[in-house]
Amino acid sequence: MTDPRAAPSSRRSAGILVTGASGAVGRAVVDALVAAGETVVAGVRDPRARLADGAKWASGTAAAARGSRPGSATTGVARPTGKPDRAPNQKPSRSPAHKPVTVPAGAAARTIGKPAAGRDEPGAASADHAGASVRGFDFADRSTWASALAGVDRVLLIRPLVVTDVGRSIIPFIDTAMESGVRHVVFVSQLSLPFDTRSPQHIVETYLKRTRAPYTVLRPNELMQVLSTVCRDDIRQRDEIVLPAGRARLALVDARDVARVAARVLTEPGHLRKTYTLSGEQAVGYQEVAALLSDELGRPITYSSPSDEEYLTLLAKQGTKPDLAAALQAVYQVVRGRGAMRPTRTIRRLTGQRPVSVRRYIEDHRDVWH
Ligand SMILES: NC(=O)c1ccc[n+]([C@@H]2O[C@H](COP(=O)([O-])OP(=O)(O)OC[C@H]3O[C@@H](n4cnc5c(N)ncnc54)[C@H](OP(=O)(O)O)[C@@H]3O)[C@@H](O)[C@H]2O)c1
């Protein structure tokens, strides 16, 4: 596995920029890297909103406040919608984008780096002396790129689902990152999308490969965090999961496992120009997920699968933009075609740990659905 060209850990003093750092995957990666003692730059559109979150997480998180099991407060618990504390139509402030602010050492560390006893993050013990520098970063605002990349030699690249025109955003950003001395780009792609040659993920993956950029691609399966973000209100308010997944089985994956892999890949040699599919080790249907939720919550949770048309109507009512709705529809078409069902052992192979099971994920996040 050792690749002599890949030695990111030899440049430890330089930092790692995590884009999309306030999202489900990005937050988990920031926390995993902080826990591993890395110098982390958390790139967010509004650093002040991210700081407010940091304070919220640090002060015990929603789950801890409501009496969740010790140490289980992790990604998606404190801020289940996965969205910033900002009105949807409120523009992120530009002025703070150029002013790096540092999260107090314990803040980010306590978010992710405080795992459930003995069974979570490797290296969590080192979390106490670590912190993340929060900087303004927006794919749509090139003036934020240089300051976000200052002192950085590795990037965790997340393509927000809402960023569809990658030719004007992600790809020029990759070029800028290379020019500024970045030596490794770890791109979070998506298992269900790269096969669609028109998908943004496919375009970015192809660009990285064609230009022989120093990349690694991670292709996560559907995240368990869907249950605590997209499905949260349906479960909490109406006791149902509504997703157009039909009767398909999915090897769902926890963002914490994606983060553990990302942290390994960013900090140890041997992963350049590799593509990893990240799935859980068991495939479950959403009917089973509903049964597990029912068991854990002590009330019946049902699952229903709308038609594509019904789902699009539902998303439109929720204010989802048409291109994002189309992307979600495409994901579930792949899911129904059994494109997300195959379990893999890649997470165990890369991290030395079994991936989180759906049952465990539900136990850890149970307070989200009360
Ligand atoms: N969710 C899944 O089931 C799943 C499965 C497999 C792969 N993935 C992939 O994983 C990636 C991350 O997914 P996620 O669930 O973590 O997404 P998410 O929770 O929606 O997070 C997206 C992040 O992107 C940020 N963002 C939005 N617009 C931006 C812009 N113009 N410039 C910079 N940042 C911007 C958001 O920050 P703000 O706080 O500023 O809005 C947020 O932090 C996606 O590429 C997705 O395809 C997801």
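Axes here are lines fitted to C-alpha atoms, for helices over the stretch in contact, with angles running from 0 to 180 degrees between N-to-C directions. Helices (H or I, at least four residues) and strands (E, at least two) are DSSP runs numbered from the N terminus. The model is predicted: local features need pLDDT of at least 70, side-chain atom pairs count only at pLDDT 80 or more, and totals for chains, interfaces and linings use all residues. Residue numbers start from 1 along each chain as its sequence is written.

**View 1. Crossing of helices H6 and H7.** The axes of H6 (residues 170-179) and H7 (residues 200-210) come within 10 Å and cross at roughly 30 degrees. H6 is therefore roughly parallel to H7 (angles under 35 degrees). The crossing is right-handed, that is, the near helix is turned clockwise from the far one by less than a right angle.

**View 2. Residues joining H6 and H7.** Ile-170, Ile-171 and Ile-174 of H6 meet Val-204, Tyr-207 and Leu-208 of H7 (contact: C-beta atoms, placed from the backbone, within 7 Å). By class, this contact has six nonpolar, no polar and no charged residues. Ala, Val, Leu, Ile, Met, Phe, Trp, Tyr, Cys and Pro count as nonpolar, Asp, Glu, Lys and Arg as charged, and the others, Gly among them, as polar.

**View 3. Shell around the ligand.** The ligand is surrounded by 27 residues, the closest being Gly-20, Gly-23, Arg-45, Pro-160 and Leu-223 (C-beta atom, placed from the backbone, within 6 Å). Helix H1 (residues 24-35) supplies the largest share of this shell, three residues. The shell divides into 16 nonpolar, seven polar and four charged residues.

Definitions and conventions. Parallel < 35°, antiparallel > 145°, perpendicular 65-115°, else oblique. Contact = placed C-beta atoms within 7 Å.
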